[in-house]
Amino acid sequence: LHDALPICFARLNTDQNLAGKYQLYLMGFNQNDSTGIYPVFEKIFSANLTQNEDTYYRINAANVYSYAQGYNLFDVALAPLTHNHFNNCKSELKMIEAGFMKKAMIVSDVMPYKIIAKPGINCLAVKESAYKLSWYLNMKKLIRNPGLASDLAERLHEDITSVYHIDLVNKTRAELYKALTDKK
């Protein structure tokens, strides 16, 4: 997670013009996690729980069959990643999930999100050089303009379902299996 994010969330949580107009949810919170990462995320989201405590909520970790229900609780998903070799090897799954659930996204302008991201069309993207302010400004933009969030979500949904829909993926798998079987 980028060092500038605490600054961005602190700005968001202290912006009096946005008070009462948004909520932040930390999805996948796990009280029993031994890494200690969730309390770190919680402090970032809530500006150390000193500002706007009524805007921060946890979505507890869930099993693989029901975790996606957490997407029903919010309108915009955030996917910050620092540009490095490890993160560049991750998948674009967060964008696929958000797209299927018709959620707008603000993402880091890095791989793996660049595979799907069309900044300003199906998401908002933050360049690493602009982290100090851009996460805050993009969150503020979507809070003030829910129609834009809805438009981004709809376009992301269209982009995702046209490529990643299970029926399309299964067709590709079937063709691959058939081609492999025919070679024997």
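Biologist: Where is Pro112 found?
Modeller: A quick reminder that this is a predicted model. Pro112 is joined to Met111 by a cis peptide bond, with omega at about 10 degrees. Most peptide bonds are trans. As for its place, Pro112 lies in the loop between β4 and β5.

Biologist: Which loop holds Lys102, and is Lys102 buried or partly exposed?
Modeller: Lys102 has a positive phi of about 55 degrees although it is not a glycine. Most residues other than glycine have a negative phi. The loop that holds Lys102 runs between α4 and β4. With a relative accessibility of 41%, Lys102 counts as partly exposed.

Biologist: How far apart are the end C-alpha atoms of helix α6?
Modeller: Helix α6 covers residues 146-164, which makes 19 residues.

Biologist: Which elements are included in what covers the buried residues of α6?
Modeller: Let's start with the buried residues themselves: Ala149, Leu152, Ala153, Leu156, His157, Asp159 and Ile160. An α-helix has 3.6 residues a turn, so residues three or four places apart point the same way. The cover over the buried residues of α6 includes β3, α4, β4, β5 and α5.

Biologist: Which element supplies the largest share of the largest nonpolar core?
Modeller: That core has 26 residues, and Phe9, Leu12, Ile106 and Trp135 touch the most other members. At least two residues each come from α1, β1, α2, β4, β5, α5 and α6. The largest share is five residues, and the element supplying it is α5.

Biologist: Which residues is Ile106 in contact with, leaving aside neighbours within four places in sequence?
Modeller: Ile106 is among the residues of the largest nonpolar core that touch the most other members. In soluble globular proteins, nonpolar side chains tend to be buried together. The contacts of Ile106 are Val76, Ala77, Leu78, Ala79, Leu124, Val126, Trp135, Asn138, Met139 and Leu142.

Biologist: How many disulfides does the structure hold?
Modeller: A disulfide needs two cysteine sulfur atoms within 2.5 Å. The structure has none of these. For Cys8, the nearest cysteine sulfur is that of Cys123, 17 Å away. The number of disulfides is therefore zero.

Biologist: Is Cys8 buried or exposed, and what about Cys89?
Modeller: Buried means under 20% relative accessible area, and exposed means over 50%. Cys8 has 0% relative accessibility, so Cys8 is buried. Cys89 has a relative accessible area of 57%, so Cys89 is exposed.

Biologist: Which residues does Lys132 touch, not counting residues up to four places away in sequence?
Modeller: Lys132 sits in helix α5. With a relative accessible area of 58%, Lys132 is exposed. Even so, Lys132 has contacts, namely Ala4, Ile7 and Cys8.

Biologist: Which residues do ring pairs link into a cluster?
Modeller: Rings count as a pair if their centres lie within 6.5 Å. By this rule there are six aromatic pairs. The cluster linked by ring pairs is made of Phe9, Phe45 and Tyr56.

Biologist: Over the ring of which residue does the charged end of Arg58 sit?
Modeller: The charged end of Arg58 is 3.8 Å from the centre of the ring. That ring belongs to Phe29.

Notes
Residues numbered from 1 in each chain as written. Predicted model: local features only at pLDDT ≥ 70, side-chain atom pairs only at ≥ 80, totals over all residues. Heavy atoms only, no water. Helix = DSSP H or I, 4+ residues; strand = E, 2+ residues; numbered from the N terminus. Expected span 1.5 Å × (residues − 1). Buried < 20%, exposed > 50% of the residue type's maximum accessible area, 1.4 Å probe, protein only. Contact = heavy atoms within 4.5 Å. Phe/Tyr/Trp six-rings, centres within 6.5 Å; stacked < 30°, edge-to-face > 60°. Lys NZ or Arg CZ within 6 Å of the ring centre and 35° of its normal. Core = buried A, V, L, I, M, F, W, Y, C linked by side-chain atoms within 4.5 Å.
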